[in-house]
Amino acid sequence: MIEIKNLHKKFGKLIVLDGLDLTINPEGSEGGIFAILGPNGSGKTTLIKCLLGMVIPNKGEISIDGTSVLKKWEYRNNLNYLPQIANFPPNLTVIELLKMVKNLRPKASNEQELIDLFSLYPFLKKKLGNLSGGTKQKVNLVLTFMFDSELIILDEPTTGLDPIALIHLKELIQQEKAKGKTILITTHIMSFVDEMADEIVFLLDGKIYFKGSVAQLKEQTNQSNLEHAIANLMTKQHA
Amino acid sequence: MLKILKYSIYDLLRSRWSYVYFIFYLALGFVLLFLNNDMNKAVITLMNIIIVLTPLIGTIFGVMYYYNSKEFTELLLAQPIKRSKIFMGQYLGISLSLTLSLVLGLGIPFLLYGLFRSAAIFDFSLLILVGSFLNFIFVALAYNIALSTENKIKGFGYAILIWLFLAVIYDGLFMISLMTFNEYPLDKFSLVATMFNPIDLSRILILLKLDISALLGYTGAVFKDFFGTTKGAFLSFLVLCLWVILPLLRIKMKLRKKDF
């Protein structure tokens, strides 16, 4: 369970998060896929980074399973994060990177399966600097999914993936969900959200503007298409 | 931290620049030895080069490594590791790999030339020690700058500026103040002013060990009196250590509030 209370963050004069309250998976409920949506600059990445401890909030409280996580680091052992841009040290090979991350996390991992799944065998001994964007993203996915953690955070996971890899990614996410995990995803691809998300968290001006299922959103905005429903949410606010 | 250190060294040892730097020192060592044909003279020439070059390379390498590995650092930040350990590991990785290039690059030609049979061994060791200190100091300064500056170009600018200031401008200001106030006793002042610049401090330390302080006149005598003693040498190394520790403490402080 993740509980965020009254979270404030500003960068200089720019207020990004403005008293945000959010509870994901209240006590008793089983995992699920949560899509964090919002226009550019609405604070999606900042919210995620606060959760990860990469951005330090000005005010507020974040707790996972009842314990505060601010200024701590041990809790990250039970959390997998896929960063937006996969930019690895160019001089390391794929296999070395995998070994390194495994070395940093003393935890069982199933990278072999994932390497098979994304057909990364031919690239294992290549330097990361020589890989294409899509292949790097696959490596990124392997790094994220190879550990068994309760919470999985994916920032724009679909970037650069080919259709086959995308199908595999969707399967992976569904498998993890079936294991009762909580998965947070940010994306701008609405069809992906429509297909995958159990619940939508819509951020606007540093607050939660909407939280509910896809069906609820469609109903509330009187739209049958998710893309239009989201667009409707954005324009309504600004009108 | 050791894991991060291991991998940053690994990463750096594979980068072309470490080799370029190593080969540069190797070539420099050989050329100086065979041109001078005298180890003592080679040490003096080397001093002049090391004292300006190691800080420059240290700052540039430090800033460059920080900005280049930014996204990877973010990946590490999401792992269960303490923040300060990531950056200390990287810092030590850069400093050690630069020091390794320096020690091996200069050590090999001097060893081949018969360092152990020569009296210059102490001067040479001091030179290497001071050069290593300068590496650690300037990489720490560079990391401070890079952590405080989001903009890469600005970061590079400030890094070069701080090097320029300590290597060139500081001496200029020092000279001007000596000229302006030359009616007053300045020995204490110059002693203290030297302490505030790691480059000057290193230069003086080596010069005095090389026994050419007679060239420095009265102030030289004062300096010799101070640095020549065990207490003076101890104090100057202490100051060099402070030049490493203080920037590192600032890095730690900065990290507590920094957003990535």
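A crossing of two helices is called left-handed if the near helix is turned anticlockwise from the far one by less than a right angle, and right-handed if the turn is clockwise. With that in hand, and keeping in mind that this is a predicted model, one can begin with helix 6 (residues 121-148) of chain B and helix 11 (residues 230-257) of chain B, whose crossing is left-handed. These two helices pack at an angle of about 20°, and their axes lie 9 Å apart. Angles under 35 degrees count as roughly parallel, and helix 6 of chain B and helix 11 of chain B are therefore roughly parallel to each other.

On the side of helix 6 of chain B, the residues that make this contact include Leu126(B), Phe133(B), Phe136(B), Tyr143(B) and Asn144(B), while helix 11 of chain B contributes, among them, Phe237(B), Cys241(B), Trp243(B), Arg250(B) and Lys254(B). Sorted by class, the residues in the contact of helix 6 of chain B with helix 11 of chain B come to 18 nonpolar, two polar and two charged.

The crossing of helix 3 of chain B with helix 9 of chain B is right-handed. From helix 3 of chain B come Met47(B), Ile51(B) and Pro55(B), and these meet Ile199(B), Ser202(B), Arg203(B), Ile206(B) and Leu207(B) in helix 9 of chain B. The contact of helix 3 of chain B with helix 9 of chain B is made up, by class, of six nonpolar residues, one polar residue and one charged residue.

Turning to chain A, the reader will find four strands that form an open sheet in the order 2-1-4-5, with antiparallel pairing. Strand 2 (14-24) and strand 5 (67-68) of chain A stand at the edges and each has a single partner strand, so one side of each is left without a neighbour in the sheet.

Within this sheet, strand 1 (residues 2-11) of chain A is joined to strand 2 of chain A by eight bridges; Ile2(A) has Ile24(A) as its bridge partner in strand 2 of chain A, and His8(A) stands opposite Asp18(A) in strand 2 of chain A. Two residues lie between strand 1 and strand 2 of chain A in the hairpin that they form, and Gly12(A) in the turn has a positive phi of about 65°.

Strand 1 of chain A also pairs in the antiparallel sense with strand 4 (residues 59-64) of chain A, over five bridges, and the bridge partner of Lys5(A) in strand 4 of chain A is Glu61(A). Strand 4 of chain A is in turn joined to strand 5 of chain A by two bridges, with Ile64(A) partnered by Thr67(A) in strand 5 of chain A. The hairpin of strand 4 and strand 5 of chain A has two residues between the strands, and Asp65(A) takes a positive phi near 50° there.

It remains to ask how many residues of chain B are in contact with chain A. There are 26 residues of chain B in contact with 31 residues of chain A, and the area buried between the two chains is about 2,600 Å², of which carbon and sulfur atoms give 61%. Tyr7(B), Phe72(B) and Pro80(B) supply 23% of the area that chain B buries against chain A, more than any other three residues.

How values were computed
Residues numbered from 1 in each chain as written. Chains lettered and ligands numbered in written order. Predicted model: local features only at pLDDT ≥ 70, side-chain atom pairs only at ≥ 80, totals over all residues. Heavy atoms only, no water. Contact = heavy atoms within 4.5 Å. Nonpolar A, V, L, I, M, F, W, Y, C, P; charged D, E, K, R; others polar. Pairing = 2+ DSSP bridges. Buried area = accessible area lost by both parts, 1.4 Å probe. Axes fitted to C-alpha atoms, helices over the stretch in contact; angles between N-to-C directions. Parallel < 35°, antiparallel > 145°, perpendicular 65-115°, else oblique.
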